[in-house]
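Let's take a friendly walk around a protein model. Have the sequence and the structure open as you read.

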Amino acid sequence: MLGILYDRRFRHLFGAQVFSLLGTGLATIALALLAYDLAQDNAGIVLGTAFAIKMVAYVGVSPLVGAFAANFPRRTMLVTLDLCRAGMVGLLPFVSEIWQVYVLVFLFQSFSAAFTPTFQAMIPDILKDEKSYTNALSLSRLAYDLESLVSPALSALFLMFISFHWLFLGTVLGFIASAVLIMSITLPVSQDKAYVREEGLSRFTKGFRIYFATPRLRGLLAFSFAVSAAGAMVLVNTVVLVQEKLAGGDPLVALFFGAYGVGSMCVALGLPSLLTYFTDRQSMMAGAVTLVVGLVLALWMSGIGTGLVIWAILGAGASLILTPSGRLLARSAHPGDRTALYAGHFALSHCGWLITYPMAGWVGATFGLPATFMLMAILAAVAGLFGMLLWPAEDGKTLTHDHEAPIHEHLHVHDEHHQHRHEGWEGPEPHHHSHRHAPIRHRHVFIIDNHHAAWPKAR
């Protein structure tokens, strides 16, 4: 897995991701302490609202990024977003009103919603073979899990000597380091510029159209909802479970989150090898089953030891679904459409969290944790079942399909879909003019694009 770090461009991008994650982790802890400093007993309400604002920013902003990212050089865009995130976090220590926290959180998360899908969509352009890309996805998953362990430890160490306001400085330095690493390399230019020429609503919705027209991605969305059902239970109710049922303190809460991260890390380490024997669909099906089993076992949790094991099981189940998801996105769009598709997935998958976050909190507070575990287990099971049904077991890359004889206009080169006469004014390829396609039946790697608006029916 570590062999991909010999690629200088990926090594610098991975370093940028690590610094960015550490900065975000420090900011999350500092924000919680800032909320308590401003609101005291109402800090939970402030944080809950801030998390809701985060999800709204993710769902609302990322599709806009997919629509316009192709207009800007990737390196310039990513560096600018890093610096903007550093600027927003740098203002947080100086706020004196809760509404100011909400505004800065929305701006910060909006920049993150622009940065993340653009960054993710670029990796398969650097690591073009699927094995290397799979290793990159596993390494990225490990970075997320390690951040969940390292950031709390670093914060605890720093807070022994400095006030929480200085944690925001650590976040700013993390984003600046990320920007410097990105600036130090040359990033690949998108290979397909046709997307830039689309206009209006079509440009805004292209990522969603590709997503919902591709069976494997409809299945991925269902499996992603299973992750949000279990993950919301972990993130929202771990502290309640530890303090009320297990009579533990803050260190035990951190230990439970650590167990969840360890389970995820173990799967991320082993998954590249496993995916040579099993399909992505089988991995995600196993992940959904693992999540349901973990949530059901939590009903019979008898002590700290069994609780830690169950949290590790839930982390493993989430990683079985999340780690291979990038492979599905990369193989389901042309390079020039990947940012739109990744942005669409980013928005759609976070819709699940927008639903399950408040559900886990409200049901837990109203009906108790056992009822909440059961509800989330049912939701995860239903989501897993839909994932299996929406994603056919036979998911071949090449499909036989028919084309009618449409007349349309878009940027193109003369490939197997474009064989037509010219009058001389059309200019060099790629060029843009109205043209007609002859009817044809053929077989090739099938991806939803300008010439393939719907998935062919099974033959």
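## An exposed tryptophan

Trp 166 counts as exposed because its relative accessibility is 52%; exposed means over 50% relative accessible area, buried under 20%, and partly exposed in between (1.4 Å probe, protein chains only). Trp 166 is found in helix α6. Helices (H or I, at least four residues) and strands (E, at least two) are DSSP runs, numbered from the N terminus.

Please keep in mind that this is a predicted model, where local features need pLDDT of at least 70, side-chain atom pairs count only at pLDDT 80 or more, and totals for chains, interfaces and linings use all residues. Residues are numbered from 1 along each chain as its sequence is written, and side-chain values use heavy atoms, leaving out hydrogens and water.

## The whole chain

The protein chain has 14 helices and 4 strands. Of its 459 residues, 51% are buried.

Now look at contacts, meaning heavy atoms within 4.5 Å. Among contacts in the protein chain between residues at least 6 apart in sequence, 81% join residues at least 24 apart.

## Cysteines

How many disulfides are there in the count? A disulfide is a covalent bond between the sulfur atoms of two cysteines. The rule looks for a pair of cysteine sulfur atoms within 2.5 Å, and the count comes to 0 disulfides.

Two cysteines to find are Cys 266 and Cys 351. Cys 266 counts as exposed because its relative accessibility is 53%, while Cys 351, at 28%, counts as partly exposed.
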